Amino acid sequence: MPTTTTTTSSQPTAPAFQTALLAGALAGTTVDLSLFPLDTLKTRMQSAQGFFASGGFRGIYRGVGSAVVGSAPGAAFFFCTYEATKSSLLRNRSSSSAQSTPVDHMLAASLGEIAACAVRVPTEVIKQRAQAGQHGGSSLSSLKAILSQRGAIGITGVWRELYRGWSITVMREVPFTVLQFPMWEALKGWGRARRARTGRGLFGESCSSLSGIEEVSAPESALYGSLAGAVAAGVTTPLDVLKTRVMLSAKRESIASIVQNILRDHGVRPFFAGIGPRVMWISIGGAIFLGSYQYAVNSITASSQIRSRTSEERIGPL
C-alpha cells in the first residue's frame, strides 16, 4: 500500500470576520471591566494633580460607564482589521506555503490600533476625566461638559475636544502593539510547533485539530499574551504618561510643551509614574484579553465545523 504523509502547518487559518468581531468584542469587554480599578489607580498616579488629589483609593469605578460603551466596539474594530490585514498580506504571497511574518503582524496590529482609536479615544477622554474626579467623577457629566462647549467652540471644537490626545494615543498604541502582537504570535507559533511535535499542549491538554491545524488552547494563549503585554507595557509607559497628561489638561497643550514642563519641574521620574500598576494591569489584561479571544475563536470555529459536518452527513454522497 502507498504511504500517505500528512503534514501539519504551524500557520493557523484566519478566523472569519464574524468570529473576529464577536471574539474581539467579548475579549475587550471582559478585560476592561475586570481590571477597571487598576486602570483608575494608574490614571490617578499619572495625573498632574497627584494621586490623592485625583481621588486616591476612593471611587475606583468612576468612569466605568464609558468603558462599558467603548470596550466592545473598540476591540472588535481592532481584531477585524488585524485579522483582515494578515489574511490580505498572506493572500498576496506568491508561495502557497507562505506564512505570516513578524512584519505582517506589526503592520496588521498598527492598522488595527488606528481603527480602534476611532472608538477608543473619545471614550478614553471621558473615562479618564471621570477617573481623575473631574465633573463629579461621572462619565455622563464629563460628556455633558464637553458637549456644553458647543456654543463657544462650535461643533468642530467639540469634535476636537472628544478626540483630544488622538495623536499621542496612536503614538502609544502603535509601538505597544508592534511589540506585543509579534511576540504573542511568535510564542503561539512555538506553542503550535511544540504541540505538533509532542501531541500535547503546554499545560498537558490533549491535541485538538482545528481545520487540520494544531491551534493553541485559550490558557496557553493567555500565558503568551500576559508575557508579551508585560514587556510592551513597561517599554511604552512614558508614552502612556504623556497621553494621560494631554487628556486631563485643563486647556489644550502640545505634546512638546508637556514634555518640557515635566522635565523642567520634575526630571525623568514622572515619565515612569504608574509603571507598576500599568505592567500588572496589562499583564493580567493580556492574559484575559488574548485568552478570552482565543477561547471565543476556538469555540466558534469548532461549533461551525460541527454544523458543517452535520450538514454534509445529512446531504450524504451524491
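My entries follow, beginning with the basis of the values.

**Basis.** I am working with a predicted model, in which local features need pLDDT of at least 70 and side-chain atom pairs count only at pLDDT 80 or more, while totals for chains, interfaces and linings use all residues. I number residues from 1 along each chain as its sequence is written, and the side-chain values use heavy atoms, with hydrogens and water left out.

**Fold.** I looked up the secondary structure and found 11 helices and 2 strands in the chain, taking helices (H or I, at least four residues) and strands (E, at least two) as DSSP runs numbered from the N terminus. Read from the N terminus on, the elements run α-α-α-α-α-α-α-β-β-α-α-α-α. Of the 318 residues in the chain, 47% are buried, where buried means under 20% relative accessible area, exposed over 50% and partly exposed in between, with a 1.4 Å probe and protein chains only.

**Helix 6.** I compared the span of helix 6 (residues 150-162) with that of a straight helix of 13 residues, which would be 18 Å at 1.5 Å a residue, and noted only 12 Å between its end C-alpha atoms; the expected span is 1.5 Å times one less than the number of residues. Helix 6 bends by about 75 degrees at T156, the bend being the angle between axes fitted to the seven residues ending there and the seven starting there. Its buried residues are G157, V158, E161 and L162.

**Surface patch.** Which residues form a nonpolar patch on the surface? I noted L107, L111, I114 and W166, with about 320 Å² of accessible area together, by the Shrake-Rupley method with a 1.4 Å probe, where for residues only the protein chains shown count as cover. Patch members have over 30% relative accessible area and no salt bridge, with nonpolar side chains (Val, Leu, Ile, Met, Phe, Trp, Tyr) joined within 5 Å and like charges within 9 Å; a salt bridge is a side-chain nitrogen of Lys or Arg within 4 Å of a carboxyl oxygen of Asp or Glu. Helix 4 (residues 102-131) gives the largest share of the patch, 3 residues. L111 lies in helix 4 and is partly exposed, at a relative accessible area of 38%.

**Cysteines.** I checked for disulfides, meaning pairs of cysteine sulfur atoms within 2.5 Å, and the count comes to 0. C80 counts as buried at 10% relative accessibility, and C117 is buried at 0%.

**S100.** I found S100 in the loop between helix 3 (64-91) and helix 4, buried with a relative accessible area of 14%. Its C-alpha atom is separated by 7.8 Å from that of L89, 11 residues apart along the chain.
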